Amino acid sequence: MDVPTYSAEDAPIPTGEVVIERASTAQDLGPRLNRTAADVVRFLLTNGEMVTATQSLTDDMIEMFAAEIGAEIKLVDPGEEQEVELRKLLEFEDEDDDDIVDTWPSRPPVITVMGHVDHGKTLLLDKIRSANVVDGEAGGITQHIGAYQIERNGRTMTFLDTPGHEAFTSMRARGADVTDIVVLVVAADDGVMPQTLEALDHAKAAEVPIIVAINKMDREGADPQRVMTQLSERELVPEAWGGETIMVPLSAMTGEGIDDLIENLFLLAELEDLRATPEGRAAGSVLEAHLDIGRGPVATVLVERGTLNVGDPLVSGAAWGRVRALVNDQGERVESALPSTPVQVLGLNEVAEAGDSFVIAPNEKLASKVADTREHWQRLASLGRDASATSGGAKLEDIFKQIQAGEAATLNLIVKADVNGSLEAVCDSLKKRERDDVKLAFVLRGVGGITENDVQLAAASNATILGFNVRPDRKARELAEQEKVEIRNYEIIYKLLEDIENAMLGLLEPEYEEVVTGEAEVREIFRVPRVGSIAGCMVTNGTITRGSKVRFLRDGTIIWKGSIQSLKRFKEDAQEVSAGFECGIGLSDFQDLKEGDIIETYEEREIPRE
């Protein structure tokens, strides 16, 4: 049967440039060019292209049809129209108009605290806002970005506390990008250190004023003159020496000099004449993001312009949602946030990317369309990475064997962390450990606990799972054991990096696993003079052995760990007692015994490396 040829005279040609999304179907393309889907399919059929009305078309097919009817088109990626529309909301043309900016109200300065690890940045903020953050940090090292507001004499300022460990360079860079003033903390006894110089480079790149806080003046060996000399060599000349840099000697431990620092910060902020309009839709930056079990995805954002309100449709990267709640730095729910205000945002559909911009869209439809499109392209890019990542994988302990064999080793990793900032820092630090003979491939990088899906992916791609401040759930542990997937958990980043480096050198320390050998329930307590408390127990599982390591559990919580000092059956000493028998147990250095407590014995066995 002859197929009728297509006639371009069937309908008027669209005037002007018509925007067409790539991968459009005939059903999408036809109406945009005043044609039907059947017109498109029929034309392509006559040109040897067998397509259906719902099949995605190639760029060549779309351009060929447009040329045939004489239409002018512009091909764009899916969602690009909405992306352009949203991007316009981030381009504030009036910011270049001094006359308009001068009418805006003043805003609080955003101050970033930077410096070398352990030079007292977080302790300094503790003194300023009379809170205790240091004790909650693993190893005493700040591992997340924190944002806080303080008020003095009716004036407000916002502080960003950025981690000082070298692994968090990228997080510090984000802090400098959104800041107005940098406080560079240098310990008076240590002087300028490598991370001090990195922080200084970030501050200079951001082109913002720098105030130096010479900390630990209470320490023996404090030498502020040496610090000033070292910084002068880096083009930070103190005011006292005729330069322009304010340097404040202080002690975060005693509080000396803190008031002086705050006054200088307010003075510098006034000179900077910082302004922002609270009018219109809010825009700003995501400082941190994580998945909260009770609240879902949570993003800590800094509002840079406009007013952020509960109920606004927010989009940041591939995450979007209507703002369900705003929580300020005191943990209080608020209805809105003005410029320079840090708040936690609840209501997003997924964890946002730390460092991304956010903007309030005109409506939910536009926000969801842009976010879905971004997510689509990110997924495609991720699939490409995953495909390359799953070839030639190796477990952590196998890396050194491959290196010795002269092979180019690839270590496939699934990295899970508690928050996005940590995830980025861990991955960036790991990439720096790559060598010519050892490549690291990230099969998956994600926020949240280690799940069954992670273990299944690790099994399929021969990957090792690294958890930073997260743990696998019970099902994930069981599946990992079944699939022989290695899960390594860490709370301090340099331990994680140390393990990776040691694996490359073949110096991994032996791994041990705890094996429960017996359980006994305390039924009665006996007080023995000169001996102390003895637990009358029933062995409920396994075997209790004298000298065993023991955990003392009360309501499922470990309240003591030690060893069994004495074990008796009736009045006779016993070497071991099996399940179903009663016994008396004396514990070393522990007397707080209660009926119903559980004594659990265990031993640590070395896991052989195959």
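How many bridges pair strand 12 with strand 18 (residues 357-360), and in which sense? They pair over 2 bridges, in the antiparallel sense. This is a predicted model, where local features need pLDDT of at least 70, side-chain atom pairs count only at pLDDT 80 or more, and totals for chains, interfaces and linings use all residues. Residues are numbered from 1 along each chain as its sequence is written, and side-chain values use heavy atoms, with hydrogens and water left out.

View 1. Strands here are DSSP runs (E, at least two residues), helices are H or I runs of at least four, and both are numbered from the N terminus. Two strands count as paired if DSSP finds at least two bridges between them. Look for Val315 opposite Val359 in strand 18. With strand 13, strand 12 makes 4 antiparallel bridges, and Leu314 has Gly321 as its bridge partner there. In the hairpin of these two strands, Gly317 takes a positive phi near 60 degrees.

**View 2. Both faces of strand 12 are covered.** Pro313 and Val315 sit on one side, Leu314 and Ser316 on the other, and all are buried. Buried means under 20% relative accessible area, exposed over 50%, and partly exposed in between (1.4 Å probe, protein chains only).

View 3. Strand 9 (residues 283-292) and strand 10 (residues 296-305) pair over 9 bridges, and Val286 has Val301 in strand 10 as its bridge partner.
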